[in-house]
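Thanks for coming. Please have a look at it first.

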Amino acid sequence: MRKTVKFGGSSLADAVQMRKVAAIILADESRRYVVPSAPGKRFKEDTKVTDMLIRCYEIQKKDAEAGRRSFYDIEARYDSIIEELGLDLSLDEEYRQILSRLDEGTSLDYLASRGEYLNGIILAKLLGYRFLDAADYIFFDAKGNFDEAKTMTAFRAISPEERFVLPGFYGATENHRIHTFSRGGSDITGSIVSKAMASDVYENWTDVSGFLAADPRIVENPSPIHEISYSELRELSYMGASVFHEEAIFPARSAGIPINIRNTNIPSDEGTWIVPDDQITDAHKFITGVAGKKGFVSLSFEKDIGSDKLAFGRKVLQVFEEAMVMVEHVPSSIGTMTVVVDSAEISGKEESILRRIRREIDPYSVTIEHNLAMLAIVGVAMKDVIGMSAGILEELAKVGVSVKLVIQGIKEISLIVGVREEDFEKTIKALYAFAEKCNKDE
């Protein structure tokens, strides 16, 4: 078996955490390919190294000397880790190169990526593994899009028996300029490495023991999720659950590689397994979890469409597309089309959109509802129970929640409800209680 293991910033915040990480990796011979983040916070008021680098970049643009002084604080952070680990290692040459680039006016992507780069060198030295610069293996095209073909070709030069540390978060473009993924991008790197090296498992180590079935800030002691399918994960992530960097799902998913979310501080916990839809085991719960988020607006347009019925929906959606407003949901009926969008997306554009729709489509009724929350209850087995949707809506009626919208796809993996924002927490609690009852009765 071969595993790719990715460790987040909280797992690598200082020398103590570094030792924990090294012990975890070396305890399992199959943990061959290591993807580290930059050091995270050591305590609540601390600053992540990536944030320190971004601030250094901003300072340097205004005052070059102050920018250099700001970077010295970052040097001290790494030097203290090296000293406490007792490593025979100096990063002075790397510091000189970074400062030289800083003086020349380097890009933010380059400077922000140095957190992972330097941490990768330290971790490789601690483990006795080979260090690989992600800029030589992770590639982007001229537009900044991930270049999978070129990346996979580069990794073919690495023997599957190799043990290496490759920093997360960044790669390089065709002209060798450093380019980064979005924040949290080390998760994406780990997933890419898993696919490229044909890993059997992608372990993602962080500071929590996997996912929970509901937001613990709303539901007291929600159940842990032991296993979740890729499809369920996507539904919960989309509905606002802080479970996993969404882009990190796809490389591993396309290769059918299970992901195991683990806790660096409690390595004995099995955590949460994210598995391909066709690899679900008996550990899978009937209903996996609930999630939701506030801040939506629904706009309903009613029209006696007649001969215009083929073009009605297209015309409405075209208005939103050309206004650069993402449409989240389209629950509709004969002659009525409802569009659900994020409040922030439509802010400042609502009146112009409505004017254009009235001018070009001429609906005889327009209904707008602000301050909506959208929530989902998710489970792949829900489709097998007749009356499941009715049971969920009945549960919400019992607690006095007025449901404004109901959305369910043909796969029936989730039921999404739209409610007033003031009913958000009440709805989450009711959906979770219903899920727990179903899981016990399973």
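Which residues in α2 meet which residues in α3? Before I answer, please note that this is a predicted model.

On the α2 side we have Val-49, Met-52, Leu-53, Cys-56, Ile-59, Gln-60 and Lys-62. On the α3 side they meet Ala-64, Ala-66, Gly-67, Ser-70, Phe-71, Asp-73, Ile-74, Arg-77 and Tyr-78. Sorted by class, the residues of this contact are ten nonpolar, three polar and three charged.

Now the geometry. Two packed helices are described by the angle between their axes and the distance between the axes. Helix α2 covers residues 49-62 and helix α3 covers residues 64-85. Their angle is about 165°, and their axes are 6 Å apart. Angles over 145 degrees count as roughly antiparallel, so α2 and α3 are roughly antiparallel to each other. Their crossing is left-handed.

The second pair is α6, residues 148-155, with α7, residues 186-196. At what angle do α6 and α7 pack? The angle is about 60°, and the axes are 10 Å apart. That makes α6 oblique to α7. The crossing of α6 and α7 is right-handed. From α6, the contact takes in Glu-148, Thr-151, Met-152 and Phe-155. From α7, the contact takes in Ile-192, Val-193, Lys-195 and Ala-196. By class, the contact of α6 with α7 has five nonpolar residues, one polar and two charged.

Next, cysteines. A disulfide is a covalent bond between the sulfur atoms of two cysteines. How many disulfides does a search of the whole structure find? The search finds zero. Two cysteines are worth a word on burial. Cys-56, which we met in α2 at the contact with α3, has 0% relative accessibility. Buried means under 20%, so Cys-56 counts as buried. Cys-438 has 15% relative accessibility, so Cys-438 counts as buried too.

Where does Ser-229 lie? Ser-229 is in strand β10, which spans residues 227-229. Is Ser-229 buried or exposed? Its relative accessibility is 0%, so Ser-229 counts as buried. What is Ser-229 in contact with, once neighbours within four places in sequence are left aside? The partners are Val-275, Asp-277, Ile-280, His-284 and Val-380.

To recap the helices: α2 and α3 are roughly antiparallel, while α6 is oblique to α7. That is my part done.

Note on methods: Residues are numbered from 1 along each chain as its sequence is written. This is a predicted model: local features need pLDDT of at least 70, side-chain atom pairs count only at pLDDT 80 or more; totals for chains, interfaces and linings use all residues. Side-chain values use heavy atoms; hydrogens and water are left out. Helices (H or I, at least four residues) and strands (E, at least two) are DSSP runs, numbered from the N terminus. Buried means under 20% relative accessible area, exposed over 50%, partly exposed in between (1.4 Å probe, protein chains only). Contact means heavy atoms within 4.5 Å. Axes are lines fitted to C-alpha atoms, for helices over the stretch in contact, and angles run from 0 to 180 degrees between N-to-C directions. Angles under 35 degrees count as roughly parallel, over 145 as roughly antiparallel, 65 to 115 as roughly perpendicular and the rest as oblique. A crossing is left-handed if the near helix is turned anticlockwise from the far one by less than a right angle, and right-handed if clockwise. Ala, Val, Leu, Ile, Met, Phe, Trp, Tyr, Cys and Pro count as nonpolar, Asp, Glu, Lys and Arg as charged, and the others, Gly among them, as polar. A disulfide is a pair of cysteine sulfur atoms within 2.5 Å.
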